Amino acid sequence: MNLSPETDRPEETAFPAGIYVHIPFCATKCPYCGFFSVTGENDPGRFFDALGREARLRAGDAGRSDPGGRPIPDTLYVGGGTPSLAGNGRVAELPDLTRQLFGLRDGAEITIEVNPDDVTGERLEVWRGAGFDRISIGVQSLDDAELRALGRRHDARSAVRAVEAARDAGFASVGIDLIFGLAGQTASRWRRTLESALALSPDHVSCYQLSVEQGTPFARREALGDPPAADEKSQRDLFLEADRVLAGGGFEHYEVSNYARGRAHRSRHNGIYWSHLPYLGLGPSAHSFDGRQRWWNTPAVEEYIDALETGAEPPGGTEVLTDEQLLLERLMLGLRTSDGVPLDLVMVYPRGEEVLEELSEAGLVRIGDGRAAPTAEGFLVADRLPLLFID
Amino acid sequence: MKNIRNFSITAHIDHGKSTLADRLIQHAHLVEDREFHDQMLDTMDIERERGITIKSQTVTLPYTAADGGEYILNLIDTPGHVDFTYEVSRALASCEGVLLLVDASQGVEAQTVANLYLAMEHDLAIVPVINKIDLPSADIEMTREQILLELGLDPDEAILASARTGQGVDQILEAIVRRIPPPRGSAEAPLQALIFDAQYDPFRGAIIHCRVMEGTLRTGDEIRLVSLDTVYKVEEVGIFRIRREPRAELTAGEVGYVVAGVKTVSDTRIGDTIAHASDPQPELLPGFKEVKPVVFSSIYPIDTNDYPALTDSLERYKLNDASLVYQKDSSAALGHGFRCGFLGLLHLDVFQERLEREFNQAIIMTAPSVLYRFELGSGDLVDVDNPEYYPDPGAIVRSFEPYIRASILFPERYMGAVMQLCLARRGENSHFSYPVPGRIELIFELPLAEVIHDFYDKLKTITQGYGSFDYELIDYRENPLDKIDILVNGEPVDALAMIAHRDRARQRAKQVCDRLSEEIPRHLFKIAIQGAIGGKIIARSTISAMRKDVLAKCYGGDITRKRKLLEKQAKGKKRMKTVGRVSIPQSAFVAVLKTTEE
């Protein structure tokens, strides 16, 4: 196998194309969430100091500008955890800090993830003023019973209010996250949530299928014979329902779980991950990638802070990817997006052409413009698709 | 010679043979206590785990009797399974007596009876030992009664023992000296030594285990292996004291080993006679025969790249197992492999386990087959052990399959279930007796093909472990036999083809289809699995298409986690065999092999 296809190498972009900052604190832990966060007593002051130290430390390794003299990073994404918590007021410092240490391109996408019940007019002003122009609101559902089942602190009304307020505050792009696939959720009930969501005119909608993550309260429920998530058949139906309803509402389904009101509203930051461009992650559990190596910080907040307070790098791990692994990741990530992968990437695999033909016949992949991209049915088996090419 | 005693211990599986051997060895202080590990003679892991002896070992024990006399006790250990009856018979031919071990909690079982008959055929002195008397479930009186009624032996002569605690070991040793006669023979007579085993040593080649019946065998002698008519020069003779201990000579009545530059154990024959090369008319000792495999199966490396490694492993395996026969074979589905012949199912099992464990070979084995016989229109008789060579059905005039006579011993209350099992397996000509009240000995004639297919496990299950079983091959009988093809999405999987009795074909095919549909993971398309005779579909099952396999999140920058999962799946896929576009996991082939019958 020739592992260095010359074509469609991601355009050589210096490190990093985007920056992610992880704020690990949450008010409460949601019973389905497998992401890293901590609740209860903590000292955001010490944490933000440590975060600043890490940013300065990492800025040494990162190029500040490309040969054309433009700054390199095009996105900043502040996620969590819950960056919008009252105690996390210092997130407002992050756009400036980033610009100062790494530079940010003109018109860079600067996103903050928020919880509906944290959204107040005052905070929106602060975030806007700090330079955030894209907001991703964890609406999760617009059905109060479902919100309770998901262990969320907010209700549908406050979610609606939050979206409207964000819009009023002048965010260029307002996105909402929804979760589907709770046990017993019917297609019509899901449709109502989707239609209510459309009524809010968001620019971006993420529809995450509820998956039961190890070590969560939902996993314990499942182990006790009370599965919190719907069965596979229902998940499938709900997935296709979202595809239909949101397409009807003018949204393009551009990634397994993501819909945008036109290409301009796609998440550029997530696009960096999916197109295998380099990114820098700051904060506990954050991952970074420079095009060849990937490294990550410890998820333990105390360990993270302690190390940085002594001037050391936070502990973590690192891996150097082989050509074969790089190729596999590009295939795996590309096949989760409507842009798909270039045909010559697939043809590197001995059975590539044959498999593509089969997938195309089965209606799982569409071939055109020199690319192979999954259909909605293809999205539904996206985790399986790359496997078919490997012999 | 009058101070030598040659004996074996025979017992049904798990009646404590190896443990007793351990106690006797310990008693003789051949090894330091700290070096001692349980089941000293069972050198293979599998033997220790399964509690059976596969390769027999021999040991020479010094013993001072109660009367002060010094004795040499040669314990000739025997393989403990029906598959190895011939090897057992050759070991017994090297003895003058046996300890017949009966588990006090289990009583007399089928192999106890079979072993007794074997010992009687060889005119051996029999010392019954009731073992495991320390167990709470021991029933000494019941065991005595069975020894009287089922074995026809005097229960008063039975020694009560517990090999585990060492109780009774002294009496056993005294009984060996007093009740087993010394060997006869003359050191001056022409040499006749009986080969009862051979083991491979990487430095010395075949270590031949023998009993000198007549004459004297010395280092430096020119010898002839009579049946093979091959001549060697003796490099070393000696006795077994756990380790090999060289001696100047072995004389009539003695048991020991010969190293003579014989390359592998396949260059020897169990039961053959060693004579001096100078002997103009060497005489073969009675009882010699060539053992022939009765069960056949093909093996393939899971990864076709491992074929050279498998070839090498088989060659090495064969160095120490002369009864394995194999030849090259190939399958469209599984690539290059080997067709192997075994003495029986246990032999096959042991082979598979050793190959995987000791030789690290990941293999797929096809469903075992017997040797079928077909009479063709041309008048020719052809023997077929591989479905691939099933003759053109139009040319077959008559077909035959091998039958066995099974002897099954079990408590009376299981009669209905055992009868039903045997009848379901096409058993015929049954008769039964009550060797003791409450226990039945059932004799059935059964097709061997039905027995190699999970019969013993089934018998154990329906008799809750109380049933025991022994068999001998009797003859070939005429039956209609068909070849069943298994098709996956229309493509025949040659490795899953089988020959079966016409009345059983549909059922067998259905079982295979069902098992495959459970074991083959869903694909992105529907998979049809069919069983067919000729072009006619006789069974089918379907695997529906996988229509969802995606997790919502791609975990932000943590792409590593997702890639690792993919790499793991890809590795799993590598271990699968591809038929058309269908990936069939090894477990599917294994599951089909282990298909249990109703």
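Among contacts in chain B between residues at least 6 apart in sequence, what percentage join residues at least 24 apart? The figure is 69%, where two residues are in contact if their C-beta atoms, placed from the backbone, lie within 7 Å. Keep in mind that this is a predicted model, where local features need pLDDT of at least 70, side-chain atom pairs count only at pLDDT 80 or more, and totals for chains, interfaces and linings use all residues. Residues are numbered from 1 along each chain as its sequence is written, while chains are lettered from A and ligands numbered from 1 in the order in which they are written.

**Chain B overall**

- Chain B has 14 helices and 33 strands; these are DSSP runs numbered from the N terminus, with helices being H or I of at least four residues and strands E of at least two.
- Of its 598 residues, 47% count as buried. A residue is buried if 20 or more other C-beta atoms lie within 10 Å of its own, exposed if 12 or fewer, and partly exposed in between, with C-beta atoms placed from the backbone.

**Where chains A and B touch**

- Chain A puts 36 residues into the contact and chain B puts in 23 residues.
- On the side of chain A that touches chain B, at least two residues each come from β6 (204–209), α8 (232–248), β9 (279–282), β10 (287–289), α11 (323–334) and α15 (385–389) of chain A.
- The largest share of that side, five residues, belongs to α11(A).
- By type, the residues of that side of chain A split into 19 nonpolar, eight polar and nine charged. Here Ala, Val, Leu, Ile, Met, Phe, Trp, Tyr, Cys and Pro count as nonpolar, Asp, Glu, Lys and Arg as charged, and the others, Gly among them, as polar.
- Look at α11(A) and helix α13 (residues 559–574) of chain B: their axes come within 10 Å and cross at roughly 100°. Axes are lines fitted to C-alpha atoms, for helices over the stretch in contact, and angles run from 0 to 180 degrees between N-to-C directions.
- That makes α11(A) roughly perpendicular to α13(B). For the wording, angles under 35 degrees count as roughly parallel, over 145 as roughly antiparallel, 65 to 115 as roughly perpendicular and the rest as oblique.
- A:Q325, A:L328, A:E329, A:M332 and A:L333 of α11(A) meet B:I559, B:K562, B:R563 and B:L566 of α13(B).
- The residues of this helix contact come out as five nonpolar, one polar and three charged.

**The six-stranded sheet in chain B**

- Six strands of chain B make an open sheet in the order β2-β3-β1-β4-β5-β6, with mixed pairing. Two strands pair if DSSP finds at least two bridges between them.
- At the edges are β2 (58–64) and β6 (159–160) of chain B, each pairing on one side only.
- Strands β1 (residues 4–11) and β4 (residues 97–103) of chain B run parallel and are joined by five bridges; B:I9 stands opposite B:L99 in β4(B).
- Helix α1 (residues 17–27) of chain B packs on the sheet, touching β1, β2, β3 (70–76), β4 and β5 (125–131) of chain B, and its direction makes about 150° with that of β1(B).
- Helix α6 (residues 169–179) of chain B lies across β1, β2, β3, β4, β5 and β6 of chain B, at about 170° to β5(B).

- Helix α5 (residues 140–149) of chain B has B:T143, B:R144, B:Q146 and B:I147 as its buried residues.
- Seen down the axis of α5(B), these buried residues fall within an arc of 165°, so they line one face of the helix; the arc is that of the directions from the helix axis to the C-beta atoms.
- The buried residues of α5(B) pack against β4, β5 and β24 (428–436) of chain B.
- Five bridges tie β24(B) to strand β25 (residues 439–447) of chain B, and the two run antiparallel; B:H431 has B:I443 as its bridge partner in β25(B).
- The hairpin of β24(B) and β25(B) has two residues between the strands, and B:G438 takes a positive phi near 95° there.

**A loop residue in chain A**

- A:E213 sits in the loop between β6 and α7 (217–223) of chain A.
- A:E213 counts as partly exposed because it has 15 C-beta neighbours inside 10 Å.
- A:E213 and A:G34 are 179 residues apart in sequence, yet 5.5 Å apart in space, C-alpha to C-alpha.
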